[in-house]
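Student: I have a new structure to read, and I would like to learn how to go about it. Could you walk me through it?

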Amino acid sequence: QVQLVESGGGLVQAGGSLRLSCAASGRTFDYYVVGWFRQAPGKERVFVAAISRGVDRTYYADSVKGRFTISRDNAKNTVYLQMNSLKTEDTAVYYCAADWGVTVATMRLRYEYRYWGQGTQVTVSS
């Protein structure tokens, strides 16, 4: 079992930056694959980024590649999503998710993750 709490969301102007945090309690966080997803009003929750366990490979949706960076600090049991060059299209509730069984082939699929945080709102103004 693991419990996840996101933080760091807020209101930012287009072109600005935010860093989201996903703090975990329970089993050692490096045991899990961790993903970030986002959901805009009226839309499905979609994949943003993920980081593998052990070797820390990172994966990104095309829409955020080159602008967002996912990383983890295992000593703090925390995964981060650094978001730069933010666009109005990035406005959404951002969720972190974790699971031990996610693979490269399935890590972009939200139903592959059994543990989820409550979400943090990111609003990018024009």
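This is a predicted model: local features need pLDDT of at least 70, side-chain atom pairs count only at pLDDT 80 or more; totals for chains, interfaces and linings use all residues.

Student: Which elements does the protein chain have?

Tutor: The protein chain has eleven strands and zero helices. Its radius of gyration is 13 Å, close to the 14 Å that the globule rule gives for 126 residues, so the chain is as compact as a globular protein of that length.

Student: How much of the protein chain is buried?

Tutor: A residue counts as buried when its relative accessible area is under 20%. Buried residues make up 45% of the 126 in the protein chain.

Student: Is strand β5 mostly covered or mostly open?

Tutor: Strand β5, residues 46–51, is mostly covered, with five of its six residues buried.

Student: Which way does strand β4 run relative to β5, and how many bridges join them?

Tutor: Strand β4, residues 33–39, runs antiparallel to β5, and five bridges join the two. As one example, arginine 38 has valine 46 in β5 as its bridge partner. The hairpin of β4 and β5 has six residues between the strands, and there glycine 42 takes a positive phi near 75 degrees.

Student: What about β5 and strand β6?

Tutor: β5 pairs with strand β6, residues 58–60, in the antiparallel sense over three bridges. Here alanine 49 stands opposite tyrosine 60 in β6. Their hairpin has six residues between the strands, and glycine 54 takes a positive phi near 80 degrees.

Student: And how should I picture the side chains along a strand?

Tutor: In a regular strand, side chains alternate between the two faces of the sheet.

Methods. Residues are numbered from 1 along each chain as its sequence is written. Side-chain values use heavy atoms; hydrogens and water are left out. Buried means under 20% relative accessible area, exposed over 50%, partly exposed in between (1.4 Å probe, protein chains only). Helices (H or I, at least four residues) and strands (E, at least two) are DSSP runs, numbered from the N terminus. Two strands pair if DSSP finds at least two bridges between them. The radius of gyration is taken over C-alpha atoms; the globule rule is 2.2 Å times the number of residues to the power 0.38.
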